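Good morning, and thank you for making time for this presentation.

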Amino acid sequence: MFKKFSKTFQYGRHTVTLETGEIARQAQGSVLVTMDDTVVLVAVTVNKNVKPGQDFFPLTVDYYERTYAAGKIPGGFFKREGKQSEKEILTCRLIDRPIRPLFPAGFYHDVQIVATVMSLNPEVDADIPAMLGASAALILTGAPFQGPIAAARVGYANGEYILNPTRTELATSELDLVVAGTESAVLMVESEAKELPETVMLGSVVFGHEQMQAAIRAINELADEVNPVLFDWAPAAEDAELVNQIKAIAEADIGAAFQIRQKQARSQALNDAWNNVKTALINEDTDTLRANQIKGIFKDLEAEVVRGQILAGEPRIDGRDTRTVRPISIRTGVLPRAHGSVLFTRGETQAMAVTTLGTKQDEQIIDALAGEYTERFMLHYNFPPYSTGETGRMGPPKRREIGHGRLAKRALIAVLPKQEDFSYSMRVVSEITESNGSSSMASVCGGCLSLMNAGVPLKAHVAGIAMGLILEGSRFAVLTDILGDEDHLGDMDFKVAGTDAGVTALQMDIKIQGITKEIMRVALDQAKEGRLHILGLMKQAIDEPQELSEHAPRLYTMKINPDKIRDVIGKGGSVIRALTEETGTSIDISDDGLITIASISGEGAEEAKRRIEEITAEVEVGKVYDGTVVKILDKNVGAIVQIMPGRDGLVHISQIANERIANVADHLKEGQPVRVKVLETDERGRIRLSIKAVLNEEAGVQQ
């Protein structure tokens, strides 16, 4: 019934198995990937026909984590998975980025990749198996995919690289890097690091690429055994006559447009050049494919002009040389009521970075497949359409916004203070108000400064910079601080963030068949030069963390006996609820008895602290307390007196007066203030009291 094929190989300490032929057989390619009990099914479908008028490559990548994979039922009212989590969206991007450039120009067939996590070993992340499965399944479709690719995770500890480290190993690793590439070249890097030097970062990429060759061999061997039917597709032949026509009409105008330094004026000039081509060559009788072909040639001509100028040593689009960073402006404390705010402008890219400080209750709860955890640092990135002078729909964050926000967050994690030194939760929001190149790196710079403006004691300043590449044969130029057009028309987007001491985050996307180790080395060295320049300007703006904003909550800590926690919380939370409402504070209690009181008002915090001390105070034998009679006991036994919140003691009838009395009620009433002395306490916490005085509001003390 089934014609199964399987390939197993060793991948670091893990055993990986690729299987096909049994599951999802109606997809053009499907592979079940098993990596030490983590199992991912990847199915790929390719539409045999192109939609009429389609002039782009419609690749869709979806990655889903099913809760049954970890033996869990989804929480909430609806007991099924909902929208994708950030982890799922980020993994979609990891799969997409190294695969997309390996499809040939002009291939406009719909391709959909669906990766489903069906079993999860908490120590083995499913992202690497999903990337391997996507590569293998694409090869099995027979589509013109110029792979396969493979991917590897690289850690670094004790001066050594670790291939595909486990979750436990990553907790102590100085590096978490994912690298993907073909047999001959690297295509993508995504990483965070703890201020590692450029040589270590480059070595990790090279190490990962060398080790992934085992996976590439296994995928090729699987494909040889399956022997898929190749897709019936060939690129359209170039129309040399049409190319010459478009050059004659627009080449001079395109060259002139790219001499304009201001983005909006340059865009208008390019639109005018395109309108001239459209008027001359496109009319109502021109079919969609022909119109798309003309548009594609025009875009290729734009790239040819820009790339030729740069490789010839001419100034870049905005007049800079290849190593110069655009002018930078930094304005601090922009928003009066925000805890920290910075407006960071680099050329025509601008980010308003805003920091808010909160308590432990404000931490983000992550319901991950491998288990629930909290994050005290959040960074959110917003990219409204007005930032590029365009109109567009506003809504939930898109994949790009989530990816850019995560990159900026990774860059800053390494310099955050430890929780025991700074117990606040922190949220940074980067509002991109202008964009023309690397708004994510502007978010790193602005985010770092806004944290310092809010008073967060960061270990060091962090700056980020985006590098580009123009590669033609053996000639190449690495560009510092690329513009949006240079990103679009170039061959690489290489983002590096870090401190004076080293790299904290690195992301690289290659739009061609990969780059060499030498080009990466040049890009890293040039990026360091630009990063140090930006760091110098940032230190001029804010040299060290500033005073905490007057609008930020103040955190006060105190330690109590863990056995007293239930007394502070009270039945059904009644005591702590009353405390927070009456003092205007927020109170968090850890299991070890550490209490954190957050309040804008110092008086409110002091009152909350005083009341907690009262509740948790230990009763001392021989000490005199002012209390209140709360109950007269039946059978004339005595009375119950509350000497502090939650602590009552018994006054036996024999201890109420100096003389023998016949009736307790003749001397005490419920609600009566009294002064009592603690005679003794026993191991069960029971307290025995004697009356020292009955208090009278009018006369003071009544013996």
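This is a predicted model: local features need pLDDT of at least 70, side-chain atom pairs count only at pLDDT 80 or more; totals for chains, interfaces and linings use all residues.

**Strand β7 and its sheet**

In strand β7, the residues Ala150, Ala152, Val154 and Tyr156 point one way, Ala151, Arg153, Gly155 and Ala157 point the other way, and all are buried; buried means under 20% relative accessible area, exposed over 50%, and partly exposed in between, with a 1.4 Å probe and protein chains only. Residues are numbered from 1 along each chain as its sequence is written, and side-chain values use heavy atoms, with hydrogens and water left out.

Because 8 of the 8 residues of β7 are buried, this strand is largely enclosed by the rest of the structure. Strands here are DSSP runs of E with at least two residues, and helices are runs of H or I with at least four, both numbered from the N terminus. Two strands pair if DSSP finds at least two bridges between them.

What are the partners of β7? With β9 (residues 175–181), β7 (residues 150–157) runs antiparallel, joined by 6 bridges. Within that pair, Arg153 stands opposite Val178, and Ala151 has Ala180 as its bridge partner. With β8, the pairing is also in the antiparallel sense, over 4 bridges, and Tyr156 stands opposite Tyr161. The hairpin of β7 and β8 has 2 residues between the strands, and Asn158 takes a positive phi near 55° there.

These strands belong to an open sheet of 8 strands with antiparallel pairing, in the order β8-β7-β9-β10-β21-β20-β18-β19. At its edges stand β8 (160–163) and β19 (475–480); each has a single partner strand, so one side of each is left without a neighbour in the sheet. On average, neighbouring strands of this sheet are turned by 20° against each other, direction ignored. For such angles, axes are lines fitted to C-alpha atoms, for helices over the stretch in contact, and the angles run from 0 to 180 degrees between N-to-C directions. Helix α10 (residues 439–453) packs on the sheet and touches β18 (463–472) and β20 (492–498), its direction making about 155° with that of β18. Contact means heavy atoms within 4.5 Å.

**The sheet of 5 strands**

I turn to another open sheet, with 5 strands in the order β11-β12-β13-β17-β16 and mixed pairing. Its edges are β11 (328–332) and β16 (377–382), each with a single partner strand, so one side of each lacks a neighbour in the sheet.

**Helix packing and cores**

Two packed helices are described by the angle between their axes and the distance between the axes. The axes of α1 (residues 86–99) and α9 (residues 399–413) come within 10 Å and cross at roughly 95°. The two helices are therefore roughly perpendicular to each other; the classes are under 35 degrees for roughly parallel, over 145 for roughly antiparallel, 65 to 115 for roughly perpendicular, and oblique for the rest. Residues making the contact include Ile89 and Arg93 of α1 and Ile402 and Arg406 of α9.

Which residues touch the most other members of the largest nonpolar core? Of its 164 residues, they are Tyr11, Ile99 and Met508. Such a core is a set of buried Ala, Val, Leu, Ile, Met, Phe, Trp, Tyr and Cys residues joined through side-chain atoms within 4.5 Å. Helix α2 (residues 127–141) supplies the largest share of this core, 10 residues. A second, separate core has 20 residues, among them Val651, Leu668, Ile691 and Val694.

Finally, is Glu198 buried or exposed? Glu198, in helix α4 (residues 198–211), is buried, with a relative accessible area of 9%. Not counting residues up to four places away in sequence, Glu198 touches Val503, Leu524, Lys528 and Arg531.
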